[in-house]
Amino acid sequence: EQMVMLANECGKDLYLCLPVQASDSYIANVANLIRYGSDGVNPYTAPQANPVFPPLNPNLRIILEHENEVWRYTLRRCM
């Protein structure tokens, strides 16, 4: 919620890193949070008139990284 609010406030695209082993339900919850907002506990699954935490502004993009920092293992092996 905080990252979406910050992106909205700054008018900047949202950059997210999701863990490689994230479950399908976790990814679906993140997607719903970005699209519909949240009540602070659970993401909404449909548009809300007055969401507690608003969704990402539709004019902003989402940059999604699904394998965060894979290079670190290789870098340590080279040292």
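What follows is a short chat about a predicted model of a protein.

Student: How many helices and strands are there in the protein?
Tutor: There are three helices and two strands. In sequence order the pattern is α-β-α-β-α.

Student: Which way do S1 and S2 run, and how many bridges join them?
Tutor: S1 (residues 14-17) and S2 (residues 62-65) run parallel, joined by four bridges. One of the bridge partners is Glu65 in S2, which pairs with Cys17.

Student: What do S1, H2 and S2 make?
Tutor: With helix H2 (residues 24-36), the strands S1 and S2 make a β-α-β unit, and the unit is right-handed.

Student: Back to S1. Which side chains are buried there?
Tutor: Leu14 and Leu16 are buried and point to one face.

Student: Why do they alternate?
Tutor: In a regular strand, side chains alternate between the two faces of the sheet.

Student: Where is Ile34, then?
Tutor: Ile34 is in helix H2.

Student: Is Ile34 buried or exposed?
Tutor: Ile34 has a relative accessible area of 8%, so it counts as buried, the cut-off being under 20%.

Student: What is Ile34 in contact with, leaving aside its neighbours in sequence?
Tutor: Beyond four places in sequence, Ile34 is in contact with Leu14 and Leu16, and also with Val4, Pro55, Leu56 and Ile62.

Student: New topic. How many of the residues of the protein count as buried?
Tutor: 22% of the 79 residues.

How values were computed: Residues numbered from 1 in each chain as written. Predicted model: local features only at pLDDT ≥ 70, side-chain atom pairs only at ≥ 80, totals over all residues. Heavy atoms only, no water. Buried < 20%, exposed > 50% of the residue type's maximum accessible area, 1.4 Å probe, protein only. Pairing = 2+ DSSP bridges. Right-handed = clockwise from strand over helix to strand, strands pointing away. Contact = heavy atoms within 4.5 Å.
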